[in-house]
Amino acid sequence: TVTGNVTVNNTFSWGPSASALVSGAGTLFLKGALTTTGTAVATLSMPIELTGTNAQALTKSSANHTFSGAFRINKTSGTVTSAGVFALGSSFTLESGGALSLGNTFTVPTTATLNGGTISGAGTFSVTGDFTQAATSVVSAPVLLGGAAANVSQTTGGTLGNVTVTATGNKSITSTDLTLSSLTVTSTGGIVCSTTCTMHLSGNYTQTAGTATVGTGGTISFEGAASQTFNRTVGTFNPNIIVDKTGGALTLSSAMTLVSGSDLTIANASSILNLAGQNLTLVGAGTGLLDNNGTIQLFGSQTTVTLPNGNDVLSGTWEYLGDGDVTAETFTIKDFSATGPADYFNLVINDTNATSANRDTISSSAAALDINGSFTQTSGNFTAPSTTLNMNVQGDFIHTTGTFTHGSTTGAIVLDGASQ
C-alpha cells in the first residue's frame, strides 16, 4: 500500500505476482516508460500521471494487468506511444501539450476528457463512457464509441477523425457542433442530438448494420473538397442534410430517404449531390423541402425522385449524366411540375459515355417541360415534348453537342424570359 505521491523519473516496470499496488490518496507521477511483465492477475489502483518532456512508451504484457486508477497525460512536449493493445480501468484525461500515438487499440472504459493535445496513429481510441473534447484537441486516430448510452461534447475548434458507433445505447451530442471525418454506425444504439446540433463530416457516412437511430434533432453537413459517399441500408435516419462543399461530390451508394420534416440543402455553387442511380425521397407537406444552390446529378434511371413540395425552381442545377453502361437507353425526365410551379431552374444534359453510341437519351416526349433558368446540352441525347406540349425556357438555350430531337411540329420551344 502506497499512501502518498510517487515520482519516477525513468522507466516504471511492474511485474506483479497476484497482488495489488494500492494508493490511499497519492498519484504515480511518471516521466519515463510504463511497462508490465508477466501474466499474473493483478491491479494497480493508483492514479497515474505521465509528465515531463521526454518521449514515453506504454507496454502491457497481459490483459490480466489492470490500471484501475485515473490515467492522465499532462506533458509540455514529447509523445506518449502505445504500440500494442492497452486497456485502462478508469477515466482518461489528455491535457494541452500532450500527444498520444496509437499503434493498436487504446481502451477507456469510462469517461475520456481531452482538454487539448493530439491523438494520432493507426490504432483505435475506444471510449465507452462520456467523451469531451476541447477546442485545442485534435484526434486523427480512429475513434470507437461503444458501451451504453453516454454524452459526446466538442467545443468548436476540436476535430475528430473517423468515428464508429457500436454502442448499445444512444450517444447524445450535447454540444452544438461535432466535427469529424467519416461516421459509421453499426449498432443498436445510435448518435443523436440532445437538443439541436450539426455533425460536420469531411468523409463518408455509413449505416449498414444494426438498428440505430441517427441524427434526431439535428443536421449532417457534408463538407470539404474531397469526394464523399453516403451509404445507409438499415436503421432510422432522422437528420436534415446539407451538402456544403468546396470541391468533389457527395455520391449516393444507397437510396437517401429523409423523414417527415427533414430538409435537403445544396448550399453553394461548388456543392454537388450525385444520386448515381439511387433514389431520393423527401417527405412531408410543407416540410421536406429542397433548397438547391448547387448541382444535383442523376443518371435518369432512378425509379423514384420524390419532392412533395416541388423542386427548387429559383436556383440550382439538375444535370442528367446517363448511366454510363454499354447500352443506349431512354430515360424519362423527372416531372416536378405536379408538385411545384415549374420543373427546373437550370437543366443540363451531359452524358459523357466514352462510347458515343452508348449514350442515353433523356426524354420529355410525354410531358411539357418548364425551365425557369437555362437549358444546356453539352453531350448525350435529348427529346423535347411531343404533340401539342411545349418546352418553356426563361434563361439561355445552349446546345453544343449531342442530338436534340424536337418532339413534334405542333409543340414548341418557347423562349419566354426577359433577356436570353
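Before the first entry I set down the cut-off I rely on: a residue counts as buried under 20% relative accessible area, as exposed over 50%, and as partly exposed in between. I also note that I am working with a predicted model.

**Entry: a glutamate in a strand**

I then listed what E49 touches, leaving aside its neighbours within four places in sequence, and found T27, L28, F29, L30, R72 and N74 in contact with E49.

**Entry: the nonpolar core**

I next turned to the largest nonpolar core, which has 91 residues. The residues with the most contacts inside this core are F71, F92, F106, F125, L183, Y205 and F382. Its largest share, three residues, comes from strand β28, which covers residues 197–201.

I picked F71 from that list and asked which residues F71 is in contact with once its neighbours within four places in sequence are left aside. The partners of F71 are L34, I48, L50, L58, F86, L88, S91, F92 and T93; I note that F92 is itself among the residues with the most contacts inside the core.

**Entry: strand pairing**

I followed β17 (residues 118–121) and found that it pairs in the parallel sense with strand β14 (residues 99–102) over four bridges, where L102 stands opposite G121. Strand β17 also pairs with strand β20 (residues 138–139), again in the parallel sense, over two bridges, and the bridge partner of I119 in β20 is V139.

Further along I looked at an open sheet of three strands, whose order is β36-β39-β42 with parallel pairing. The edge strands are β36 (256–257) and β42 (305–306), each of which pairs on one side only. Between β36 and strand β39 (residues 280–281) I found two bridges in the parallel sense, with T257 standing opposite T281 in β39.

**Entry: the surface**

Last, I asked which residues form a nonpolar patch on the surface with about 230 Å² of accessible area together. They are F397, I413 and L415. I checked F397 in particular, whose place is in strand β51 (residues 397–399).

Terms used:
Residues numbered from 1 in each chain as written. Predicted model: local features only at pLDDT ≥ 70, side-chain atom pairs only at ≥ 80, totals over all residues. Heavy atoms only, no water. Core = buried A, V, L, I, M, F, W, Y, C linked by side-chain atoms within 4.5 Å. Buried < 20%, exposed > 50% of the residue type's maximum accessible area, 1.4 Å probe, protein only. Contact = heavy atoms within 4.5 Å. Patch = residues over 30% accessible without salt bridge, like charges linked within 9 Å, V, L, I, M, F, W, Y side chains within 5 Å. Areas by Shrake-Rupley, 256 points an atom, 1.4 Å probe, with all protein chains shown as cover. Salt bridge = Lys/Arg side-chain N within 4 Å of Asp/Glu carboxyl O. Pairing = 2+ DSSP bridges.
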